[in-house]
Amino acid sequence: MVREPAWYRTGDEPDYRFSLANERTFLAWIRSALALLAGSVAVLQFLPPAALSGMRNLLAGVLAAAGAVLPLAAYRRWSRIQRAMRLGRGLPFTPLLAVLAVGAGVLGVGVALLAVLP
Amino acid sequence: VTVRPGTGPDDPQRPEGTGRPGNSERPGSSAGDDAGRGGAGLPGGGGGDPGLQGERTALAWGRTSAVALFTAALLIRAGADTADGALLAAAALLLVLAGVLWGYRRRRFGPAGGPFTVPVRQLRLVAVLAAGCGLLVLGGLLLGPAAG
């Protein structure tokens, strides 16, 4: 059995609705991570192996790496929020959203370029 | 009655049909919280579950399980096409993840479901499994037959 984290019994149990909302947010992050993995495989499968094949592999690699890191970041974020709610503190800031948004935008441009370049 | 978090969802002591998730049984923990929050009296509130939080959460678990299943199908296809064992291993792990997600959804939100506990172990397991899939896919891309 995995040990429960140190924050698990600190503070007060928050309203269960907030706990469930936090949990759903975690699951949404997991889905994002799985989508990145699918995207990584799709890039390799469906993009033409053009002159920029190194670029294609790089793109797929970045997507897969993001898919590997994101679940752990999501768990960390979930537990920090849960802890903050137990202690009645404000929710912690995360750069995760901006990183994902900018990263997805840049990668999208890359995929579009690779798709149209000869 | 105090509800100990982490005692697991199968609590035989739980009175049938209360529909009240765990921590509301803690006296004073959220006294008066329901008043003025808006959702409590709405039709379809699901017997003391304003905003249908439990149902929405159950759907989120099921959705995640479905996404894991679809991703596994994609990885099986890609792994078979490229004869990449790492991708197939990642697909197998994803099938396990889909099973874990669906099994926990049933156990927790099904007809015999228990009170809402904070599922710290399950979430950690989900995160580790998903991260493992990512590592396998990354490994398959970097080292596998498709890398060339």
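# Exercises on a two-chain model

Glu13(A) has a relative accessible area of 12% and is therefore buried. The exercises below start from this residue; the model they use is predicted.

## Exercise 1. A charged pair in chain A

Task: Find the partner with which Glu13(A) forms a salt bridge, and state which parts of the chain the pair ties together.

Solution. 
Step 1. The partner of Glu13(A) is Arg86(A), and the closest N and O atoms of the two are 3.0 Å apart. A salt bridge needs such atoms within 4 Å, so this pair qualifies.
Step 2. Locate both residues. Glu13(A) lies in the segment before α1 (16–46) of chain A, while Arg86(A) belongs to helix α2 (residues 53–87) of chain A. The two parts tied together are therefore 73 residues apart in sequence.
Step 3. Check the surroundings. Buried means under 20% relative accessible area. Arg86(A) has 6%, so Arg86(A) is buried, and Glu13(A), at 12%, is buried as well.
Background to this exercise: side chains of opposite charge can pair when their charged atoms come close.

## Exercise 2. Further salt bridges

Task: State how many salt bridges the structure holds over all chains, and describe the one that Glu23(A) forms.

Solution. 
Step 1. Over all chains there are four salt bridges. One of them joins the side chains of Asp15(A) and Arg17(A), with an N to O distance of 2.8 Å. Both Asp15(A) and Arg17(A) are buried.
Step 2. Glu23(A) pairs with Arg108(B), the closest N and O atoms lying 2.4 Å apart. This pair crosses between chains: Glu23(A) is in helix α1 of chain A, and Arg108(B) is in helix α2 (residues 85–109) of chain B.
Step 3. Glu23(A) has a relative accessible area of 2% and is therefore buried. Arg108(B) has a relative accessibility of 2%, so Arg108(B) counts as buried too.

## Exercise 3. Aromatic rings

Task: How many aromatic pairs does a search of the whole structure find, and is the pair of Trp7(A) and Tyr8(A) stacked, edge-to-face or tilted?

Solution. 
Step 1. The search finds four aromatic pairs over all chains.
Step 2. For Trp7(A) and Tyr8(A), the ring centres are 5.7 Å apart and the planes stand at 55°. Planes under 30 degrees apart would count as stacked and over 60 as edge-to-face.

## Exercise 4. Helix packing

Task: Describe the secondary structure of chain B, and then decide whether α1(B) and α2(B) are roughly parallel or roughly antiparallel.

Solution. 
Step 1. Chain B has three helices and zero strands, and along the sequence its pattern reads α-α-α. Of its 148 residues, 39% count as buried.
Step 2. Helix α1 (residues 53–82) of chain B packs against α2(B) at an angle of about 165°, with the axes 8 Å apart. Angles over 145 degrees count as roughly antiparallel, and α1(B) and α2(B) are therefore roughly antiparallel to each other.
Step 3. The crossing of α1(B) past α2(B) is left-handed. The contact has 22 nonpolar, eight polar and two charged residues.
Step 4. Now take a contact between chains. The axes of α1(A) and helix α3 (residues 120–143) of chain B come within 11 Å and cross at roughly 10°, which makes α1(A) roughly parallel to α3(B). This crossing is left-handed.

## Exercise 5. Two loop residues of chain B

Task: Where in chain B are Ala83(B) and Ala112(B) found, and are the two buried or exposed?

Solution. 
Step 1. Ala83(B) is in the loop between α1 and α2 of chain B. At a relative accessibility of 60%, Ala83(B) counts as exposed.
Step 2. Most residues other than glycine have a negative phi. Ala83(B) is not a glycine, yet has a positive phi of about 50°.
Step 3. Ala112(B) is in the loop between α2 and α3 of chain B. With 69% relative accessibility, Ala112(B) counts as exposed.
Step 4. Ala60(B) is 52 residues from Ala112(B) along the chain, and the C-alpha atoms of the two are separated by 19 Å.

Notes:
Residues are numbered from 1 along each chain as its sequence is written. Chains are lettered from A and ligands numbered from 1 in the order in which they are written. This is a predicted model: local features need pLDDT of at least 70, side-chain atom pairs count only at pLDDT 80 or more; totals for chains, interfaces and linings use all residues. Side-chain values use heavy atoms; hydrogens and water are left out. Helices (H or I, at least four residues) and strands (E, at least two) are DSSP runs, numbered from the N terminus. Buried means under 20% relative accessible area, exposed over 50%, partly exposed in between (1.4 Å probe, protein chains only). Axes are lines fitted to C-alpha atoms, for helices over the stretch in contact, and angles run from 0 to 180 degrees between N-to-C directions. Angles under 35 degrees count as roughly parallel, over 145 as roughly antiparallel, 65 to 115 as roughly perpendicular and the rest as oblique. A crossing is left-handed if the near helix is turned anticlockwise from the far one by less than a right angle, and right-handed if clockwise. Ala, Val, Leu, Ile, Met, Phe, Trp, Tyr, Cys and Pro count as nonpolar, Asp, Glu, Lys and Arg as charged, and the others, Gly among them, as polar. Rings of Phe, Tyr and Trp (its six-membered ring) pair if their centres lie within 6.5 Å; planes under 30 degrees apart count as stacked, over 60 as edge-to-face and the rest as tilted.
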